Protein chains: 2
Amino acid sequence: MGILRQPDGMRALSRQWWREGRTLGLVPTMGNLHEGHLSLMRSAVAECDEAVASIYVNPLQFGAGEDFDGYPRTWEADLATLAEAGVATVFAPTDAVMYPPGFATSVEVAGLTDGLCARSRPGHFRGVTTVVMKLLCVVLPHRAYFGEKDYQQLAVIRRMTDDLGLGVQIVPMPTWREPSGLAMSSRNGYLSDDERARAVVLSRAIAAAQSVAAETDQAAAILAAANEVLAAEPLARVDYVELVDAETLEPLERVERPARLCLAVHIGPARLIDNGPVLPPGSPLPLGEG
Amino acid sequence: MGILRQPDGMRALSRQWWREGRTLGLVPTMGNLHEGHLSLMRSAVAECDEAVASIYVNPLQFGAGEDFDGYPRTWEADLATLAEAGVATVFAPTDAVMYPPGFATSVEVAGLTDGLCARSRPGHFRGVTTVVMKLLCVVLPHRAYFGEKDYQQLAVIRRMTDDLGLGVQIVPMPTWREPSGLAMSSRNGYLSDDERARAVVLSRAIAAAQSVAAETDQAAAILAAANEVLAAEPLARVDYVELVDAETLEPLERVERPARLCLAVHIGPARLIDNGPVLPPGSPLPLGEG
């Protein structure tokens with residue numbers, strides 16, 4: 001496996017692939033890889049001539065008091081996972097080369113970063129867009145893979161790449177779930193067994209909302225169904241539950257076009273997020289979602 | 001000459017050149033091309049396999065009350081100039097494709113955009129960095145050419161491209177001057193013959209400052225020499241005259257490393273800028289500067 005630590009080296013390899021007419025896929029990660037990441041890796045390997053995984057715990061997207069220092073770093077296990085997925089190239093830069101002294105540039109997307117997670121994580125999305133733009137500039141992939149679990153992030157990155165015209169195709173990948181319904185997340189590792197069992201309340205709240213949405217287009221009723229499920233779980237401390245337009249992320253009163261139910265809930269030491277599609281009543285549910 | 005109006009078409013051509021192993025040079029302009037632009041074009045043609053000129057009057061970098069509407073658009077003459085310089089490809093997008101509905105992304109460089117022109121042109125540099133980043137993403141040149149006349153812009157763009165890792169070489173080109181010393185600028189077109197003759201006061205102020213700097217490293221004395229020249233010209237209304245570090249653009253009290261004298265002066269209807277190198281006393285002046 002080729003492991004590159006320097007943007008210059010990664011860029012030289014990428015540009016060589018371009019000259020050879022090879023297509024590149026990038027899966028940006030913060031490491032601590034799980035089945036959800038693996039599904040992205042497998043798609044990149046299947047769909048591109050060269051699949052690159054980046055592993056970088058980006059300090060810019062963690063706020064004060066967030067879990068940057070404690071974020072799980074599992075380098076050896078991650079390499080084994082990447083090898084299993086058939087990824088041959090890893091870009092794993094250090095802070096010193098990503099943000100050298102004097103670094104002063106930021107990339108920001110307005111609007112989409114006003115609500116949802118942005119309210120409790122000021123500056124988070126600016127950190128995400130800045131690091132993702134740099135990764136995209138260095139690797140210059142034809143396709144970049146992002147999980148729908150971070151739905152707002154996906155929308156923000158799609159907006160950014162469309163706006164700046166880099167020509168990369170942003171490929172959304174369905175949320176990978178445990179058999180219980182719990183969305184795979186590195187932050188699940190912060191949970192005790194009991195908390196992990198209770199964390200299934202997020203996906204149950206989404207399912208309840210989707211069930212009501214099959215009968216009504218009223219956001220109030222749909223949200224009430226989700227909140228009722230969450231209220232019954234004493235360990236759940238809700239950050240937000242919102243029903244938003246699937247593209248603009250603006251809150252909806254009625255579901256007249258594709259929407260998304262998004263929520264963030266604290267369970268014990270972890271802040272967990274999840275989301276699911278909500279379609280106008282009578283719509284056929286897309287294959288593979290739900 | 002190939003004229004491309006769509007980012008998609010420009011990008012497809014650029015990526016084809018990459019696959020063919022051809023090097024690309026980009027000269028971003030707002031049109032109204034003069035000798036200064038021509039010198040950039042000639043360098044791009046000489047140094048790269050493919051030279052692309054972009055012509056786009058970027059609304060984002062004009063503030064309220066600035067000259068966006070009146071900025072000279074001279075399309076036919078510009079094409080003739082480009083043909084004369086041997087530029088075979090022009091990227092001339094419209095506002096509708098550069099900033100389509102929903103466009104929400106901005107690129108910003110902190111620090112370097114605090115002083116000098118930023119004080120009287122809030123938001124200007126964010127407009128510049130956003131459009132230049134988009135042009136660079138679409139065209140993906142190996143080299144991009146910028147004139148030293150816009151010295152702060154050059155420093156900001158170099159910082160941005162270094163920070164985001166696109167791997168483009170930013171090539172600075174010396175300011176092109178009329179025989180009188182007046183720096184070439186589209187905004188010189190706003191001047192009457194009398195005002196144009198008086199506008200030479202900017203380059204004379206720089207020369208006076210450089211002359212004093214040969215004898216002393218004290219910024220106060222160097223700036224006084226420039227201000228004395230400007231004060232003698234009744235039509236000159238000074239926006240700023242500053243002596244700054246040549247890289248960080250921070251104001252200096254003593255010239256102990258390469259510095260830059262930068263100034264912005266209103267002459268009649270035009271706000272003109274100029275700048276020149278100031279070196280520690282006893283330094284040999286670099287060839288071609290002064």
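1. Across which strands of chain B does H7(B) lie, and at about what angle does H7(B) run to E7(B)? In this predicted model, H7(B) lies across E6 and E7 of chain B, and its direction is at about 170 degrees to E7(B). Helix H7 covers residues 151–164 of chain B, and together with E6(B) and E7(B) it makes a right-handed β-α-β unit.

2. Strand E6 (residues 143–147) and strand E7 (residues 169–173) of chain B are parallel and share five bridges. Within this pairing, B:Phe146 stands opposite B:Pro172 of E7(B).

3. E6 and E7 belong to an open sheet of six strands in chain B, with the order E1-E4-E3-E2-E6-E7 and parallel pairing. Its edge strands are E1 (2–4) and E7 of chain B, each of which pairs on one side only. On average, neighbouring strands of the sheet are turned by 25 degrees against each other, direction ignored.

4. B:Gly2 stands opposite B:Thr89 in E4(B). Helix H1 (residues 7–19) of chain B lies across E1, E2 (24–29), E3 (50–55) and E4 of chain B, and it runs at about 125 degrees to E1(B).

5. Turning to the contact between the chains: chain A and chain B contribute 26 residues each. On the side of chain A that touches chain B, the elements giving two or more residues are helix H1 (7–19), strand E5 (105–109), helix H6 (124–139) and helix H7 (151–164) of chain A. E5(A) gives the most, with five residues. By class, this side of chain A has 14 nonpolar, six polar and six charged residues.

6. E5(A) also pairs across the contact. It runs antiparallel to strand E5 (residues 105–109) of chain B, joined by five bridges. The bridge partner of A:Val107 in E5(B) is B:Val107.

7. One helix pair in chain A deserves a separate entry. Helix H2 (residues 35–47) and helix H3 (residues 75–85) of chain A pack with their axes 9 Å apart, at an angle of about 40 degrees. H2(A) and H3(A) are therefore oblique to each other, and H2(A) passes H3(A) in a right-handed crossing. From H2(A), A:Leu38, A:Met41, A:Arg42 and A:Val45 meet A:Thr81, A:Leu82 and A:Ala85 of H3(A). By class, this contact has five nonpolar, one polar and one charged residues.

Conventions
Residues numbered from 1 in each chain as written. Chains lettered and ligands numbered in written order. Predicted model: local features only at pLDDT ≥ 70, side-chain atom pairs only at ≥ 80, totals over all residues. Pairing = 2+ DSSP bridges. Helix = DSSP H or I, 4+ residues; strand = E, 2+ residues; numbered from the N terminus. Right-handed = clockwise from strand over helix to strand, strands pointing away. Contact = placed C-beta atoms within 7 Å. Nonpolar A, V, L, I, M, F, W, Y, C, P; charged D, E, K, R; others polar. Axes fitted to C-alpha atoms, helices over the stretch in contact; angles between N-to-C directions. Parallel < 35°, antiparallel > 145°, perpendicular 65-115°, else oblique. Left-handed = near helix turned anticlockwise from the far one by under 90°.
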